[in-house]
Amino acid sequence: MDISEFYETFFEEAEELLGDMERHLLELDVDEPDPEQLNAIFRAAHSIKGGAGTFGFDVLQHTTHLLENLLDYTRHGELVLRRDIVDTFLEAKDMLHDQLDAYRQGDEPDPEAFERICQTLKQLALDEMGKKVGHDAPGAAPAAKAEPERNPQPESESSGASDGSAEGRLNIALLGIADKDRELLVEELANFGEIIERRGDSSRYEVLLETSTSVDDIEMVMCFIVEPEQLEIVAAGAPAAGDPAAGDPAAGVSEAEPTSGSAKSEEESEKGGQQQGEVTAKPPEKTPEQPAKAESGKPAAKAQDKAKAKAKAASGGESSIRVPVNKVDQIINLVGELIITQSMLDQTVSEMDATQAGSLVNGMSLLQRNARDLQEAVMSIRMVPMDYVFSRFPRLVRDLAAKLDKNVELVTEGESTELDKSLTERIIDPLTHLVRNSLDHGIESPDKREAAGKSRTGRLTLSAQHQGGNILIEVKDDGAGLNREKLLAKAEANGVPTAENMSDDDVWQLIFAPGFSTADQVSDVSGRGVGMDVVKRNIQAMGGHVEIQSRQGQGTTTRIVLPLTLAILDGMSIKVGKEMFILPLGTVLESLQPRKEDIYAMAGDDVVMKVRDEYLPVVAVHQALDVSEAETEPTDCIAVIVQGEGRRYALLVDDLIGQQQVVVKNLETNYRKVPGVSAATILGDGSVALILDVTDLHRLSRTKREAQSARRQTTPAKEVEV
């Protein structure tokens with residue numbers, strides 16, 4: 001049986017286990033470590049080791065085995081934790097991640113890095129306890145005979161056969177497996193040892209296997225292939241689940257003890273094997289936070305727990321399935337096409353006589369509601385909590401704060417706030433730049449904070465919340481804040497245009513200029529002037545914008561506003577000339593009829609409109625996009641007040657058509673980048689409408705007005721020459 005098809009499942013689950021391991025390591029109190037956290041870290045390493053051994057990932061298996069032994073010493077109190085030991089465990093976790101990536105790419109892990117981490121872990125054991133934690137690396141020369149390695153025992157009680165001759169023999173039952181699939185599974189079991197006997201039928205087929213592989217390791221690979229409830233493993237000679245003798249304490253159920261002094265035990269210890277003859281099989285531990293304690297090794301109780309878990313999964317309690325993202329994207333695309341078709345039908349029905357097509361109108365109304373509900377349900381599949389993003393930063397903050405010799409407390413808020421998965425993956429890099437900036441430039445050193453009357457420990461807060469159809473992400477620190485004079489001086493030195501009467505908001509935006517940095521010296525953390533401009537470009541590419549609020553001496557807040565999804569949005573249809581455009585509804589604040597006395601001409605052909613004591617830049621859409629046959633007199637147009645990148649604008653349009661849901665189609669992929677336009681959509685009549693980018697539209701409008709002004713200034717001179 002080719003088990004390579006199960007590689008991806010192992011890789012995904014191993015990634016989750018490594019993430020859980022890092023989270024628990026970062027949360028550990030080194031003075032009073034939580035036993036449950038230590039057990040969870042150990043179980044994560046043990047599960048990865050079992051899967052790696054099953055799939056033949058020898059380097060990953062060996063590295064995890066060394067780490068697993070150290071973790072076992074730690075949870076039994078034989079290795080006293082310190083911060084530097086936790087750092088070593090985190091370094092080993094990083095190496096496991098690199099090795100996992102290498103295997104995923106079909107390569108072999110870096111041998112030098114492998115040898116280095118092995119030496120580090122072995123040296124840690126020798127320095128702290130004088131113990132050897134694992135066998136030599138593959139291909140290395142045999143080491144001198146050291147003290148026999150203690151064989152880590154899992155927390156759960158195990159049962160072995162009372163007769164020593166049955167040790168290493170397991171009775172494996174396959175429940176409800178078809179004949180063809182059963183033969184493939186039996187072939188796979190043969191890889192673990194020698195098959196002594198086979199018996200049974202399709203409802204229950206039993207295989208007697210003699211093996212030195214642990215029950216956990218066999219379960220790990222088999223549960224990649226079959227469901228946990230289809231697998232039952234008992235030690236040879238022990239009663240199976242449901243056997244009347246199962247509840248008898250004299251039926252061979254006993255607490256496992258290390259068999260020190262036994263040649264077989266030493267050999268298994270050298271192989272990193274763990275003899276664990278549990279009475280019944282448990283599902284592989286995919287959530288290491290859950291305790292692994294079995295109830296006194298009673299198979300009846302275990303079978304009852306498994307039945308309850310199966311019933312809970314069947315009822316939809318906490319069951320889940322893994323689905324490739326491309327399949328979800330395909331469903332979303334089909335739902336988008338369905339919405340376009342529904343819009344076409346809706347427009348056709350709207351042109352019909354309602355008295356003659358009443359039932360059709362009612363049916364279309366019902367279809368519209370169902371299509372929207374379907375769209376919302378499908379889009380929710382793509383939504384993932386922000387904890388997916390925030391969970392990456394505790395390690396970054398910890399390591400960077402140590403490098404900068406600062407004390408920093410990380411606080412996360414709104415981890416359950418959901419965002420489109422495609423956006424969560426793209427927001428990680430911009431947030432990483434912002435967090436590094438806050439740690440390096442924002443939060444002061446402990447001595448400076450103390451001198452300023454602050455706590456020696458700085459506070460960095462990551463928060464997320466929904467705001468209308470957008471998500472608001474904030475990176476907030478209680479550091480020194482931005483220095484207005486320093487920013488202006490640096491901008492002038494870099495040739496960035498400035499003005500004395502610039503508002504604070506405009507001054508803060510200077511840090512997004514390419515090549516701009518306020519660092520006094522270049523380091524491996526910052527100072528090269530790259531990062532913040534990339535942050536702004538990436539956020540804008542996702543249809544969002546960045547705002548900065550800062551108070552000197554009190555801290556800085558960087559605010560990112562993003563749409564919840566880039567697939568389908570609610571839009572406002574507007575008409576300019578004979579062209580139809582879409583404004584994202586989240587950017588529209590209000591609409592009004594301009595009055596002549598509210599329109600003011602400024603220097604350089606700029607025009608502003610007064611709206612309740614606020615002067616807003618006027619953007620004539622027909623002028624910016626070269627639309628013919630449009631209204632040119634502002635008072636004959638409708639002004640749509642929109643907001644983008646924290647600023648408000650007044651867009652002049654001919655008419656408002658109404659609100660509708662549109663499917664976003666990437667224009668760059670299908671055509672090319674168009675200034676002032678973010679994407680396109682298909683309307684109900686089959687025509688294409690452009691979705692406007694209000695901020696880029698304002699820039700485009702200013703550029704065209706400046707070009708027109710320049711042409712008017714040069715025209716008289718050319719006429720004189722002629």
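Mentor: Helices (H or I, at least four residues) and strands (E, at least two) are DSSP runs, numbered from the N terminus. What you have here is a predicted model, where local features need pLDDT of at least 70 and side-chain atom pairs count only at pLDDT 80 or more, while totals for chains, interfaces and linings use all residues. Residues are numbered from 1 along each chain as its sequence is written, and side-chain values use heavy atoms, with hydrogens and water left out.

Trainee: Okay, how many helices and strands are in the protein chain?

Mentor: You'll find 21 helices and 22 strands. The chain has 722 residues, and 45% of them are buried (under 20% relative accessible area; exposed is over 50%, partly exposed in between, with a 1.4 Å probe and protein chains only). Now take contacts (heavy atoms within 4.5 Å). Among those between residues at least 6 apart in sequence, 69% join residues at least 24 apart.

Trainee: What describes two packed helices?

Mentor: The angle between their axes and the distance between the axes. Here, helix α1 (residues 7–27) packs with helix α4 (residues 83–104) at about 165 degrees, and their axes are 10 Å apart. Axes are lines fitted to C-alpha atoms, for helices over the stretch in contact, and angles run from 0 to 180 degrees between N-to-C directions. That angle makes α1 roughly antiparallel to α4 (over 145 degrees; under 35 is roughly parallel, 65 to 115 roughly perpendicular, the rest oblique).

Trainee: Which residues in α1 and α4 meet?

Mentor: On the α1 side, they include Phe10, Phe11, Leu18 and Leu25. From α4, Phe89, Leu90, His97 and Tyr103 are among them. The residues of this contact divide into 13 nonpolar, one polar and eight charged. Nonpolar covers Ala, Val, Leu, Ile, Met, Phe, Trp, Tyr, Cys and Pro; charged covers Asp, Glu, Lys and Arg; the others, Gly among them, are polar.

Trainee: I keep spotting rings. How many aromatic pairs does the structure hold?

Mentor: There are 10. Rings of Phe, Tyr and Trp (its six-membered ring) pair if their centres lie within 6.5 Å; planes under 30 degrees apart are stacked, over 60 edge-to-face, the rest tilted. Tyr600 and Tyr615 have ring centres 5.7 Å apart and planes at 70 degrees, so that pair is edge-to-face. The pair links distant parts of the chain, 15 residues apart: Tyr600 belongs to strand β15 (residues 599–601) and Tyr615 to strand β17 (residues 614–620). Tyr600 is partly exposed at 33% relative accessible area, and Tyr615 is partly exposed too, at 47%. Elsewhere, ring pairs join Tyr7, Phe10, Phe11, Phe55, Phe57 and Tyr103 into a cluster.

Trainee: What is the phi of Asp613?

Mentor: Its phi is near 65 degrees, a positive value in a residue other than glycine. Asp613 sits in the loop between β16 (607–611) and β17, and is exposed at 67% relative accessibility. Look at Asp626 as well: it isn't a glycine, yet its phi is positive, about 55 degrees. Asp626 is in the loop between α19 (621–624) and β18 (638–644), and is exposed, with a relative accessible area of 60%.

Trainee: One last thing: where is Ser591 found?

Mentor: In strand β14 (residues 588–592). Ser591 is partly exposed, at 39% relative accessible area. Ser591 and Ile641 are 50 residues apart in sequence, but 5.8 Å apart in space, C-alpha to C-alpha. Leaving aside neighbours within four places in sequence, Ser591 is in contact with Ile638, Ala639, Val640 and Leu656.
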